[in-house]
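Please keep the structure in view while reading.

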Amino acid sequence: MSKLTKNQKLALGKIEAGKTYTLAEATEKVKEITFTKFDASLDIDVRLGVDPRKANQMVRGVVTLPHGTGKTVRVLVLCNPDAEAAAKEAGADYVGLDEYIEKIKGGWTDVDVIITQPAIMGKIGALGRVLGPRGLMPNPKSGTVTNDVAKAVEEVKKGKIDFKVDKNGIVHSSIGKVSFTPEQMKDNAREFINTLIKLKPATAKGTYIKSIYLSSTMSPGVKVDAKSIED
């Protein structure tokens, strides 16, 4: 096991062992225990009482964070020529079709989100081996396959993210930056958790939200009291 760094020891020393913090306290604590020289991401991990192996207990969705992600999101729109102008006006970083499909086939994936139209999916299917492992494959469930590409671009730029429970029943996502105010961090976390609650599968039994942790890049996790979400 690797030795803890000086900053890691400092961070752990500021977290009370076994304590569960309110959401407001947790956001303050994450700022306090972050020692990175860069603007670290604010991460959330929520363990759900679901069995992801069952199709009717798969939790997947999208949420628009009130204060955005704090990241510059690079968007590629693959669309027909008649939609190109609207996509560019909405803020897409790259717009086109065949030339970008060829670039992707060659290994280019220097974007964060790809948005396309339903009519284009036939051409994009062949890119699955490149885009799939990188989480870039457009999907109707995440709103990245749509005829209104301009609206989709605007939503992504404003802070719309998609998420999915993993095989261990945990949903992990970045929901902001540590440079955000505690209130902004709290708003984003609350919106994310409330969205998860709305997506609770009817077949899920027992406790649905089992645990919530907030952390930043390289920091330890701070346990959040689920009952404090609405405070």
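Which residue's side chain is joined to that of Ser142 by a polar contact of 2.9 Å? The partner is Thr144. The model discussed here is predicted.

- Ser142 belongs to the loop that lies between α6 (128-131) and α7 (149-158).
- The relative accessible area of Ser142 is 9%; because buried means under 20%, Ser142 counts as buried.
- Besides the contact of its side chain with that of Thr144, the side chain of Ser142 has a polar atom 3.0 Å from the backbone oxygen of Asn139.
- When neighbours within four places in sequence are set aside, Ser142 is in contact with Val62, Lys160 and Asp162.

**Packing of α2 with α8**

- Two packed helices are described by the angle between their axes and by the distance between those axes.
- For helix α2 (residues 23-32) and helix α8 (residues 182-198), the angle is about 125° and the axes are 9 Å apart.
- This angle makes α2 oblique to α8, and the crossing of the two helices is right-handed.
- On the α2 side, the contact is made by Leu23, Ala24, Thr27, Glu28, Val30 and Lys31.
- On the α8 side, Pro182, Met185, Lys186, Ala189 and Arg190 take part.
- The residues of this contact comprise 6 nonpolar, 1 polar and 4 charged.

Note on methods
Residues numbered from 1 in each chain as written. Predicted model: local features only at pLDDT ≥ 70, side-chain atom pairs only at ≥ 80, totals over all residues. Heavy atoms only, no water. Helix = DSSP H or I, 4+ residues; strand = E, 2+ residues; numbered from the N terminus. Buried < 20%, exposed > 50% of the residue type's maximum accessible area, 1.4 Å probe, protein only. Polar contact = N/O pair within 3.5 Å; in protein donor to acceptor, adjacent residues only side chain to side chain. Contact = heavy atoms within 4.5 Å. Axes fitted to C-alpha atoms, helices over the stretch in contact; angles between N-to-C directions. Parallel < 35°, antiparallel > 145°, perpendicular 65-115°, else oblique. Left-handed = near helix turned anticlockwise from the far one by under 90°. Nonpolar A, V, L, I, M, F, W, Y, C, P; charged D, E, K, R; others polar.
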